[in-house]
Amino acid sequence: MFKKPLSNLKTSAPLRGSDRRRLKQRVIAAYNVSPEIGDILVPEGLISQKFSTNANEQGVAYWSPDGDPLWFSHGKGADDLIPTVYTLWKKYDLLPCVTTPASVIPVLVGGADLMIPGVVQIPSSQTVVPPQLVAIAQYITDSPTTRGPPLAVGHLAADLDKLKAGGKGKAVHLLHSWKDYLFTMGSKADPPGVVEIQEVGESKESEGEIAGTSVAGEQGRPSVEVQEVEGTKPPVDPVPGPSVQQPQPVPQLSKEEVSSILRNAVLQAIRGTLKSIPTSSFPIPAGTFYSSYVLPYRPAFVRRNVPGTDSSSTPSGNDGCTLEHPPIDIKHSTHKSLAAFLKILGKQGILTIKDMKPEPLVMSVSASHSEVLSHTPYVSLRDKQLKEEKREKRDEEERAKVQEMKIKELWKPHTPSGSARFFTEGGFDSSALYTYADLKATVIKYVAARQLVNAHDQAYVNVGQDEVLLSTVAGKNESGDSLEFLKREEVVHRLSEKMQNWYEIRAEGQEPLLRKGQLKPISVVVKTRQGRRANTLISGFEPFLLEAEVMAEELRRICAGSTGVSPLPGKPTRSEVLVQGKQTKAVVDFLLSQGVPKKWIETADLTVKK
């Protein structure tokens, strides 16, 4: 809905107190929240503004005093109030949530609807029915009790039973997402940390693997385990991606140690972030505070359980540390509940807590508290995530700098087929290589010199009047009587068919490659092998200066799944790279990043029933 800038934005106006109270009551009634939560979701100082989308769809947006869009309605006279991601970040459970893998998020941000193959978890409540509003969050592969923050909102498009069963079709009609034009009109804040969920939604699973993970059903969920695929060479051992880690012993922490780490996480959050956020960001619901300012600020590296050591200290090296995070949350601590944990921090003066129902509110933090000032910062999970995001952004920028290959299709006169005679008789070089544009110019000169242009239509050539031209372009059963004239473009096409095919490829940093033969596009095909298992097969890449082993290694890292290399059937000198799952988009993106022009990539999905 907000893929493009708004076409007509009316003058904004402050919301009167009575209108704001009515709006709050609508939110309380529609989303079944308490009046206290209603005050947070519909704060004082709201501003309303009418707008029209690029598709000329009218609506009203409600902005916070800080300039963030919080709510909007669409359609003339519509009563529905739709929360933006800024609002959903204040209360994660405001809407039922479906999760989707990280690879799908960029496509949703681009404005695409979420397809059924891209759904991993669905709401457990069967009362959620189309076209109810739902939030979309990122599925966290290695933690079934957490998920990413809401990043999009839309109308449910299919029954939960259909989502659970899988198949084709749309799962969610997208209305608004992180990074769309409505979002960018606000503060453009970064998404908060992962969300701890009490009740995990049902997952779509088949043969131990999550169902397909692309918006259009093109990408499968990355396999955690790399398996040898029948008919291929054993793949190289997998390199773990951001969410796929090699199994390591997990350190065992006592409840007291977990409580200490959670407490240090609060101190880290206050010292690093909370002390500088505007006062208008408070109060913060307990659940939001926990997921945004406690869990992300846990240490990224935790020492193994050695008596006398501080589990939350930052290691100077990898010795004695693990990259796999042990369970560090409220239920593994000495605290009975999140409310009890926050209450203790409130008594100690680190936080100011207001006891409300259904959950307490964090009213403020004490940045000048002695424990906050004496806290020694460490590398947190949030720091690690930000570092990885910067690295990925840097890698993307480097890939964007790659220049596209310059590819020329060429043709050479060929004596056995008769095309060489045409060039010799016409006074042209019969040993040169010609582009298609050169062939057009050559034919035009030849026709003009022999006055073969048709008098009635200059787009036609009287080929029957010239014995050399006729013998060059005529087919097996054609003669001067049956072939009087042809369109000029057809003459050029037939001439090229009687010539030898050559091609030239110029890639950045490499010597130009000139070879005889017809250049064919790289083939990226999804096929079903080993029963119901889908695999992506890539072939025909050697002429484009790509190596099979290097490609397999890179795609294994990108897709975080199994890859293999085997001889191409019927062509033992050529190779075929196999990637487990439906990985068409990932493969095409990789080929583009290597400078292969898009017109030289052909894709097909043979698993789709016609």
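Predicted model: local features only at pLDDT ≥ 70, side-chain atom pairs only at ≥ 80, totals over all residues.
Tyr460 is partly exposed, because its relative accessible area of 26% falls between the limits for buried (under 20%) and exposed (over 50%), taken with a 1.4 Å probe on protein chains only. Residues are numbered from 1 along each chain as its sequence is written, and side-chain values use heavy atoms, with hydrogens and water left out.

Rings of Phe, Tyr and Trp (its six-membered ring) are paired when their centres lie within 6.5 Å, and the planes count as stacked under 30 degrees apart, edge-to-face over 60 and tilted for the rest. By this rule there are 14 aromatic pairs. Tyr460 and Phe485 form an edge-to-face pair, with 5.7 Å from centre to centre and 90° between the planes. Tyr460 belongs to strand 23 (residues 460-461) and Phe485 to the loop between helix 14 (467-473) and strand 24 (486-487), so the pair ties together parts that are 25 residues apart in sequence. Helices (H or I, at least four residues) and strands (E, at least two) are DSSP runs numbered from the N terminus.

## Further ring contacts

Phe422, Phe423, Phe428, Tyr434 and Tyr446 are linked into a cluster by ring pairs. Over the ring of Tyr446 sits the charged end of Arg450, 4.0 Å from the ring centre; the criterion is NZ of Lys or CZ of Arg within 6 Å of the centre and within 35 degrees of the ring normal.

Contact means heavy atoms within 4.5 Å, and, leaving aside neighbours within four places in sequence, Ala474 is in contact with Leu483, Arg494 and Lys498. Ala474 and Val491 are 17 residues apart along the chain, and their C-alpha atoms are separated by 9.4 Å.

Strands pair if DSSP finds at least two bridges between them, and three of them form an open sheet in the order 22-25-26 with antiparallel pairing. Strand 22 (406-412) and strand 26 (513-516) stand at the edges with a single partner strand each, so one side of each has no neighbour in the sheet. The twist averages 20° from one strand to the next, with axes as lines fitted to C-alpha atoms and angles running from 0 to 180 degrees between N-to-C directions.

Seven bridges join strand 22 to strand 25 (residues 500-506), whereas four join strand 25 to strand 26. Tyr503 in strand 25 stands opposite Glu409 and also opposite Arg515 in strand 26. The hairpin of strands 25 and 26 has six residues between the strands, and in this hairpin Gly509 takes a positive phi near 80°.

## Cores and the chain as a whole

A nonpolar core is a set of buried Ala, Val, Leu, Ile, Met, Phe, Trp, Tyr and Cys residues joined through side-chain atoms within 4.5 Å. The largest has 62 residues, with Trp71 and Leu114 making the most contacts inside it, and strand 10 (residues 133-139) gives the most to this core, with five residues. A second, separate core of 33 residues includes Leu253, Leu262, Tyr297 and Ile328.

The protein chain has 17 helices and 31 strands, and buried residues make up 46% of its 610 residues. Of the contacts in the chain with a separation of 6 or more, 64% are between residues 24 or more positions apart.
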